[in-house]
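Visitor: Please take one part of this protein and go through it closely. I would also like to see how that part sits in the whole.

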Amino acid sequence: MSEVRDSFKRISQMGFSDYFYNRLLTSDVKIRAMFHGTDFAKQKKALIDGVYVLIDYHEGGPLGKMSIRRLGEKHNRSHMNIPADLYEIWVDCFILTLSEKDPKFSASLELQWREVLKPGIDHMISNY
Ligand code: HEM
C-alpha cells in the first residue's frame with residue numbers, strides 16, 4: 001500500500017504528531033489522565049515509529065512482526081492498561097487529523113489507512 005506510505009511521509013513531516021496528540025488528549029478525560037507526566041518530545045517520535053510498525057505489520061515485513069508484540073505488551077493490562085474501546089478513539093483521532101493535514105486526503109485513502117492500521121491494532125487488542 002504505497003499510497004498509505006506516501007501519505008504518512010507527507011504528514012509526518014508537517015507536525016502531524018502535535019495535531020494528533022492535541023486531538024487525542026482532548027477526546028476523553030481518561031485518556032488525558034493516562035498521559036499525565038509523559039515526555040511529549042519523546043512520545044511524538046514514538047508515535048511515528050509505532051505507525052510504521054503497524055504499516056509494516058500489515059505488509060508482513062520483519063519490523064512489524066518483531067515489534068508488534070512488544071508494542072502490544074507495553075499497552076496491555078499489566079503495563080499501560082489500554083482497553084480495546086480506546087483504540088477506536090485513537091483511530092478516529094488519527095483519521096480526523098489525517099483528513100485535516102494530508103492535502104491528498106480522500107474517502108479512498110481513508111479506507112486504505114483503516115485497512116492498514118487494523119491488523120496490527122487487532123493484534124495489540126487481542127494481547128490485552
Ligand atoms: C493503536 C496504535 C498505537 C500505537 C502505534 C501506539 C504507540 C505507542 C508507542 C510507540 C509508545 C511508546 C512505547 C515505549 O515507551 O517504548 C506508546 C506509549 C503510550 N501509549 Fe500508545 N500507541 C497506540 C495506541 C494507544 C492508545 C489507544 C492509547 C490510549 C488511549 C495509548 C496510550 C499510550 C500511553 C499512555 C503511553 C505511555 C506514554 C508515557 O510513556 O508516558 N496508546 N504508544
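Guide: Along the sequence the protein reads α-α-α-α-α-α-α. Its radius of gyration, taken over C-alpha atoms, is 14 Å, close to the 14 Å that the globule rule (2.2 Å times the number of residues to the power 0.38) gives for 128 residues, so the protein is as compact as a globular protein of that length. The model is predicted: local features need pLDDT of at least 70, side-chain atom pairs count only at pLDDT 80 or more, and totals for chains, interfaces and linings use all residues. Residues are numbered from 1 along each chain as its sequence is written.

The secondary structure amounts to seven helices and zero strands; helices (H or I, at least four residues) and strands (E, at least two) are DSSP runs, numbered from the N terminus.

The part to look at is α7. This helix covers residues 107-126, which is 20 residues, and reaches 28 Å from its first C-alpha to its last, close to the 28 Å expected (1.5 Å times one less than its number of residues). At K118, shortly before the proline P119, α7 has a kink of about 35 degrees; the bend is the angle between axes fitted to the seven residues ending there and the seven starting there.

The buried residues of α7 are W113, V116, L117, G120, I121 and M124. Buried means that 20 or more other C-beta atoms, placed from the backbone, lie within 10 Å of the residue's own. An α-helix has 3.6 residues a turn, so residues three or four places apart point the same way. The cover over the buried residues of α7 includes α1 (2-12), α4 (40-59), α5 (62-75) and α6 (84-101). In the whole protein, 20% of the 128 residues count as buried.

Notes:
Buried ≥ 20, exposed ≤ 12 C-beta atoms within 10 Å, placed from the backbone. Contact = placed C-beta atoms within 7 Å.
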